[in-house]
Protein chains: 2
Amino acid sequence: MDQTSFAERYGPWALIAGGSEGIGASFARALASRGLHVALLARNAEPLEATAASIRAAADVEVRTAAIDLTSPTLVADLEPLVEGIEIGLLVYNAGATHGARPLLDQPVEHALNLVALNCRGPVLLTHRFAPAMVTRGRGGIILMTSMSAACGSAYVAAYSATKAFDLVLAESLWIELGQSGVDVLAVVAGLTDTPAMRRSGLVMEGAGFVAMDPGDVVDEALAALPGGGPMLVVGEQNREMARAFWPQDRGEIVELMTGGAAGLYELPALPRPT
Amino acid sequence: MDQTSFAERYGPWALIAGGSEGIGASFARALASRGLHVALLARNAEPLEATAASIRAAADVEVRTAAIDLTSPTLVADLEPLVEGIEIGLLVYNAGATHGARPLLDQPVEHALNLVALNCRGPVLLTHRFAPAMVTRGRGGIILMTSMSAACGSAYVAAYSATKAFDLVLAESLWIELGQSGVDVLAVVAGLTDTPAMRRSGLVMEGAGFVAMDPGDVVDEALAALPGGGPMLVVGEQNREMARAFWPQDRGEIVELMTGGAAGLYELPALPRPT
């Protein structure tokens, strides 16, 4: 898809939740280079403003920012000033991976509840806030970042894995529901990626024989796949190899199959996979 | 496992969240018949008391009840009177499936947030509340009810499916974390089951060619599998056949594999699958 077509389909503005650094900042830069204005929100103002400044210097687009915590009880109200008067054609939900790694019971319960707010409540709220206008326009996109951790449980990252499984399945459902209206939804399954948040989480980047991906490569693959490539994209060849064992079926096919089942049980129309 | 061994391993009390009817009530009856005292909580007092009365009439065990909404912001405090002075050896989390079936955007966002509270926040809170004492005792069990809907997204049940994926993965993580201390954790994947909640949800029980399972059969399979059968049990032969396509790998093996990966990345001990 050339730059003009991309901007017409997903512009004029992209909203990037978790847009200050790592994969989110890479999304912002890549989208700006494709001619989209970008509205960035993240918890900490300083890296957010640095990213915004570098985008303003590199691309002739507008950049807005707001220091907002995605776990805020008033999240939707908090971000209204950021999006006032602009049309969001693309929503990227890329929450930080500052989860650390400890057994669930060794952490205060607030740690797990915070991940539920960040990775479950947040995507639901932002989808509900921004998808209806996309459906009305008959175009737009939603990218929910998820993880190889979504494939199954794992010690040390119980709550994180569970919330990422939530994101994967939520995005797949939205892919078929919103796809009927021309809105593209993509679950992006990232593996080990070399981001500031991952490093802060105490992770040994060279551990366990994985090769960490560059955030820019994750974003390039994601944006290439967004038009027509959903519901699930596993980024990186190493991850795809592992993912073929976890998720051997074509995800679009089984989402369509499950939708047919739900339609039958509730006497609702079966929906075709989006084209 | 004979009745005495079962009660010694998972008694003296079972706490059943969502214990008034359907699968939860079947759990309560089955556990009482195995000699466990049962503490039942559910939102509506009337069916809860009816179930409690029938158990008291049928089995020589103590039965406690509390009308509590699992989505309550003060859930843990709400249930303290119910569990005061008793030892919970088994936690069954069986939230109602009164989700209906409509596209996500056609429902108020509160509907999806309520499912997040019910199926994500609730299991996290109750696990954190009751698992530590089980770990200290070196015995006990946790059953989280999940669904075939956890396998992938589906139109009409977006939030429900996502929360059930959360429950599956959460239980799997807890299976390996708590299993090290002799606590058995099991994700029970139910397919179509003939329960009052499912009928209330507007579902056509004969739709889509599925044969609904009896709640009692679901419970019999779950309790038979609890000792050593985790992390995931798909109940019913029809469901198992479908599940083999969705989840072709041995779940315990991949949970162990992912745990090894997390251990490597965070320089933590790898954990063996519980025996």
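**Note on the predicted two-chain model**

1. Thr136(B) is exposed, because 11 other C-beta atoms lie within 10 Å (a residue is exposed at 12 or fewer such atoms within 10 Å of its own C-beta, buried at 20 or more, and partly exposed in between, with C-beta atoms placed from the backbone). Thr136(B) belongs to helix H5 of chain B. Ser149(B) is 13 residues from Thr136(B) in sequence, and the two C-alpha atoms are 34 Å apart in space.

2. On the basis of the note: this is a predicted model, in which local features need pLDDT of at least 70 and side-chain atom pairs count only at pLDDT 80 or more, while totals for chains, interfaces and linings use all residues. Residues are numbered from 1 along each chain as its sequence is written, and chains are lettered from A and ligands numbered from 1 in the order in which they are written.

3. Chain B holds an open sheet of seven strands with parallel pairing, in the order E3-E2-E1-E4-E5-E6-E7. Helices (H or I, at least four residues) and strands (E, at least two) are DSSP runs numbered from the N terminus, and two strands pair if DSSP finds at least two bridges between them.

4. Strands E1 (13-17) and E4 (88-93) of chain B run parallel and are joined by five bridges. Ala17(B) stands opposite Tyr93(B) in E4(B).

5. Helix H2 (22-33) of chain B lies across E1, E2, E4, E5 and E6 of chain B, at about 170° to E2(B). Helix H5 (109-137) of chain B lies across E1, E4, E5 and E6 of chain B, at about 155° to E4(B). Axes here are lines fitted to C-alpha atoms, for helices over the stretch in contact, and angles run from 0 to 180 degrees between N-to-C directions.

6. Between the chains, 64 residues of chain A are in contact with 64 residues of chain B (contact: C-beta atoms, placed from the backbone, within 7 Å). H5 (109-137), H6 (158-179), H9 (237-246) and H10 (251-266) of chain A each supply at least two residues of the side that touches chain B. H6(A) gives the most, with 17 residues.

Key: Contact = placed C-beta atoms within 7 Å.
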